[in-house]
Amino acid sequence: MSEPNPPPVLAPREPSSEVKLSGRLWAASFLLGGIALVIAFLERTTHVEFLRETANGLNSGLEPAELDVVIGLAFWSTLGALGVVLLLEVALVRPLLKGRGWVRWALLVALVLQVGAAFLATAFLAGPDSSFQPVPLLVIGQAVLACAALVACLLPGATRWFRSGQMTSERRPA
């Protein structure tokens, strides 16, 4: 009583050019974010010393041990925030490229979190002098690329592509 032929296999849909551009921009954003995390970790003594000098200049009245805890908390929390947002965005981009349009709105929330993490990074991961500061620049570049990627996946061509996938999934027999 069953059909001897298997159900047809639907060919994977080719993403629109806007979605492909968005994917490349997200990948570049991830690359910049990863490089920023690695550099911040490798230069952690410089960043911790800068935070110590800044905290000593505030004349907070904390004991040296308490000050070290606060400095460590600020540094590692900033790195953790950058890492968590990066992993969240990496996890969300794959479904986006497979045609899940709702992910765009989750990525918007992740982008807001990324901007907050970028503000933390520019405050806590800057150096003591006015020379070239790679970590804040990389984090800002990451946020700009992520913003451009989100805009690219909100363009009309991308929206049509996401909607065409929803229509075909609704028409499939059960």
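Predicted model: local features only at pLDDT ≥ 70, side-chain atom pairs only at ≥ 80, totals over all residues.
Student: Let's start with the rings. How many aromatic pairs does the structure hold?

Tutor: There are four aromatic pairs. A pair of aromatic rings is described by two things: the distance of the centres and the angle of the planes.

Student: What are the distance and the angle for Phe-75 and Trp-76?

Tutor: Their ring centres are 4.9 Å apart and the planes sit at 80°. Planes over 60 degrees apart count as edge-to-face, so Phe-75 and Trp-76 make an edge-to-face pair.

Student: Which residues make the nonpolar surface patch?

Tutor: Val-38, Phe-41, Leu-42 and Trp-76 make a nonpolar patch of about 430 Å². Notice that Phe-41 and Trp-76 also belong to the aromatic cluster.

Student: Where does the largest share of the nonpolar patch come from?

Tutor: From helix α1, residues 17–42, which gives three residues. Leu-42 is found in helix α1, and at 62% relative accessibility Leu-42 counts as exposed.

Student: Now for charges. How many salt bridges does a search of the whole structure find?

Tutor: The search finds three. To read one, look for a side-chain nitrogen of Lys or Arg within 4 Å of a carboxyl oxygen of Asp or Glu. Take Lys-20 and Glu-14: their closest N and O atoms are 2.8 Å apart, so they form a salt bridge. Lys-20 is partly exposed at 34%, while Glu-14 is exposed at 54%.

Student: What links Glu-49, Arg-52 and Asp-68?

Tutor: A network of salt bridges links them. Glu-49 meets Arg-52 at 2.9 Å, N to O. Arg-52 also forms a salt bridge with Asp-68, with the closest N and O atoms 2.6 Å apart. Arg-52 lies in helix α2 and Asp-68 in helix α3, so this pair ties together parts that are 16 residues apart in sequence.

Student: And how many residues apart are Glu-49 and Arg-52 in helix α2?

Tutor: They are three residues apart, which means about one helical turn separates them. As for accessibility, Glu-49 is partly exposed at 39%, Arg-52 is partly exposed at 24%, and Asp-68 is partly exposed at 38%.

Student: How far apart are Arg-94 and Gly-23, in sequence and in space?

Tutor: In sequence they are 71 residues apart, and in space 8.7 Å, C-alpha to C-alpha. Arg-94 lies in helix α3, residues 64–97, and counts as exposed at 58% relative accessibility.

Notes:
Residues numbered from 1 in each chain as written. Heavy atoms only, no water. Phe/Tyr/Trp six-rings, centres within 6.5 Å; stacked < 30°, edge-to-face > 60°. Patch = residues over 30% accessible without salt bridge, like charges linked within 9 Å, V, L, I, M, F, W, Y side chains within 5 Å. Areas by Shrake-Rupley, 256 points an atom, 1.4 Å probe, with all protein chains shown as cover. Helix = DSSP H or I, 4+ residues; strand = E, 2+ residues; numbered from the N terminus. Buried < 20%, exposed > 50% of the residue type's maximum accessible area, 1.4 Å probe, protein only.
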